[in-house]
There are 2 protein chains.
Amino acid sequence: VNKVAVIGAGSWGTTVAALLSERVETWLWARSPEVVDEIRHRRTNQAYLGERRVPEALCVTADAGEALEEASLVVLGVPSHGMRSVLEGAACVVVPSVPVLSLSKGLEEGTDARMSEVIADVWPGHPVGVLTGPNLAEEVFDRQPTAAVVAIEEESLARELQDLFTTDRLRVYTNPDLVGCEIAGVVKNVMAIACGMAVGLGYEDNTRGALITRALAELTRLGVALGGEQRTFAGLAGIGDLVATCTSGKSRNFRVGVALGEGRPLASALGQRSVAEGVRSCRPVVDLARRLSIDVPLAEQVVAVCHEGRSPADSVASLMARAPRSELDDRTHGEP
Amino acid sequence: VNKVAVIGAGSWGTTVAALLSERVETWLWARSPEVVDEIRHRRTNQAYLGERRVPEALCVTADAGEALEEASLVVLGVPSHGMRSVLEGAACVVVPSVPVLSLSKGLEEGTDARMSEVIADVWPGHPVGVLTGPNLAEEVFDRQPTAAVVAIEEESLARELQDLFTTDRLRVYTNPDLVGCEIAGVVKNVMAIACGMAVGLGYEDNTRGALITRALAELTRLGVALGGEQRTFAGLAGIGDLVATCTSGKSRNFRVGVALGEGRPLASALGQRSVAEGVRSCRPVVDLARRLSIDVPLAEQVVAVCHEGRSPADSVASLMARAPRSELDDRTHGEP
């Protein structure tokens, strides 16, 4: 890899670009000329990363062509709902057949497509993968120790990307299970809203432990039905990312859930600019599950609260009121 | 069940006794006459539960014979290191062949025995089980919603205990996998010390998410090698209890880990009276693992810090420094 283009200057895109710029020529594309100016001259991206400073080596541009020209790796850090249009806008400038790595953890509304499917649809002929795991951007930027997963089918490419992203504070593992890693990332954002709702209602560590257990069962059921591997969900992309997101005040999805649990309406919970992928993805998740006859009670309650006016208190109460039975019964019916 | 004897008036024993006293005659045995007096007259157990008041219906005694006489269920809430001597002291008064449910999450030092094995050894002829799950005592006492698991082999007895313990805020599941449930409870206390150490060192949500992922892998490996079922570790007794304990300031084990991570010596981290089961169990856990050739890097680091003078910073650094590789490789070697 000689040049990387990182498309999207949100918190994670900027963080990944900053990391990569220390070892390879890296261009960060931001839609907004003001953000480009700020990064160029102040070396900050305040809206997302406060006073953290990106390396001098990081190049930044509002011209996607400049970022993508001769890039031998493309990293996509745009929100899921903007993915297709960003890809379409850049289709004529991306270098054919270079690998593409998605950072986004949502499904496309309307089509229920995973981001790798959207990418393959708009930019055919590229090897496509995801970077995932317990990676809250600010903490990675601050060099707190953690681990991540590169999920891409071709093994030699996976190893190359593993070397590129690994630092002494970010251990990168490879996993050929792209579907499992993607679904885990999508569904955990929905589950983080549910956990946040319980916390916003005043429930504490036991309730959250019980909900995370059910959330893991739910994302495993759906992920396996969609072709993912069971073991992926027990790993960094599954339980690792789920736990980090469901216990962190830095997660936008968790914070939206907390605000909903505290009784604020969705528009106020979302705030002005922030994207909470789980709010948009919960419907596609329930759609996919229905088509496969998979029970997803937590995701259904997130849809009910976010989009159908149900109160979080009713929602959490109904989740806790299901009839008890054996833990080792057939998990396809959703307990616990 | 007509009468229950709860042996041990720590936070969880007292909480379980308080819950049960609302539906069946329940006697709580406390070793200390002062605690008996306090519960009898003030209805509080301040050292463990602050100003929370136990029901008037709960009977309390310092005489184990009075508690155990005609009891048709015995619940054991004594710390693991005191289990054998408490059982020996009461061997002549317990009603033969009544079921015994352990609340303790430790192994016996010296023998490496699980509590159900110690019970079967000292009180032969009783059906033995455990009550486990994400059940921090104060929160259960406060009627926060959560779920628990009764693990006992005989199914009709399991159902009876399930009915006895279930409330509208505590959903109880059954699980015949006694070994898996016990090992999960023991090992999660050791893991909570490791997570606490990382938090005490200043690491946040990503690091904890990555550590919990490895902790789950570690307790699953060991539990399955000892005869537990894989699915148990993905359930309430496994990931549920692990997450609650590794993210809660109410967990003594987690708090000891935080204090160690902040640089305090073990004696000071332990405080005056509190029991942190993980400090005593980490060595037996490593012993068991070595005998089965199972890799338990997190438990080894807890032993090193608690008992061999290693610094938590070195310990966490060595955990994060292992060579990266594929996530789906053979898990018996410990990654991640």
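**Exercise 1. The fold of one chain**

How many of the 336 residues of chain A, in percent, count as buried? Describe the overall build of the chain as well.

Solution. The structure is a predicted model, in which local features need pLDDT of at least 70, side-chain atom pairs count only at pLDDT 80 or more, and totals for chains, interfaces and linings use all residues. Residues are numbered from 1 along each chain as its sequence is written, chains are lettered from A and ligands numbered from 1 in the order in which they are written, and side-chain values use heavy atoms, with hydrogens and water left out.

Step 1. Buried means under 20% relative accessible area, exposed over 50%, and partly exposed in between (1.4 Å probe, protein chains only). By this scale, 64% of the 336 residues of chain A are buried.

Step 2. Count the elements, where helices (H or I, at least four residues) and strands (E, at least two) are DSSP runs numbered from the N terminus. Chain A has 17 helices and eight strands. Its radius of gyration (taken over C-alpha atoms) is 19 Å, close to the 20 Å of the globule rule for 336 residues, so chain A is as compact as a globular protein of that length. The globule rule is 2.2 Å times the number of residues to the power 0.38.

Step 3. Along the principal axes, the C-alpha atoms of chain A fill a box of roughly 60 × 40 × 40 Å. Contact means heavy atoms within 4.5 Å. Among the contacts in chain A with a separation of 6 or more, 70% join residues 24 or more positions apart.

**Exercise 2. Two copies**

Solution. Step 1. Superpose by least squares on the C-alpha atoms of residues with pLDDT of at least 70 in both copies. A turn of 180° with a shift of 0.0 Å along the axis gives an RMSD of 0.0 Å. The two copies are thus related as by a two-fold rotation axis.

Step 1. Compare the interfaces. Of the interface residues of chain A, 100% are also interface residues in chain B, so the copies meet through the same surface.

**Exercise 3. The nonpolar cores**

Which residues have the most contacts inside the largest nonpolar core?

Solution. Step 1. A nonpolar core is a set of buried Ala, Val, Leu, Ile, Met, Phe, Trp, Tyr and Cys residues joined through side-chain atoms within 4.5 Å. The largest one has 99 residues, and A:Leu242, A:Leu260 and B:Leu242 have the most contacts inside it. A second, separate core has 36 residues, including B:Trp12 and B:Leu157.

Step 1. Take B:Leu242. Beyond its neighbours within four places in sequence, B:Leu242 is in contact with B:Lys188, B:Met191, B:Ile212, B:Ala215, B:Leu216 and B:Leu219.

**Exercise 4. Cysteines**

Solution. Step 1. A disulfide is a pair of cysteine sulfur atoms within 2.5 Å. The closest cysteine sulfur to that of A:Cys246 is in A:Cys195, 3.7 Å away, too far for a bond. Over all chains, the structure holds zero disulfides.

Step 1. Compare the cover. A:Cys246 is buried at 0% relative accessibility, whereas A:Cys92 is exposed at 70%.

**Exercise 5. A covered helix and its flanks**

How many of the eleven residues of helix α16 (residues 297-307) of chain B are buried?

Solution. Step 1. Nine of the eleven are buried, and the helix is mostly covered. Among them are B:Pro297, B:Val302 and B:Cys306. The cover includes α9, α10 and α17 of chain B.

Step 1. Look at the flanks. B:Ser293, in the loop between α15 and α16 of chain B, has a positive phi near 55° without being a glycine. B:Ser293 counts as exposed, at 65% relative accessibility. Just after α16(B), B:Gly309 takes a positive phi of about 75°.

**Exercise 6. A buried arginine**

Is B:Arg208 buried or exposed?

Solution. Step 1. B:Arg208 lies in helix α10 of chain B. With a relative accessible area of 12%, B:Arg208 is buried.

Step 1. List what B:Arg208 touches, not counting residues up to four places away in sequence: A:Thr247 of chain A, and B:Cys195, B:Val199, B:Cys246, B:Thr247 and B:Phe254.
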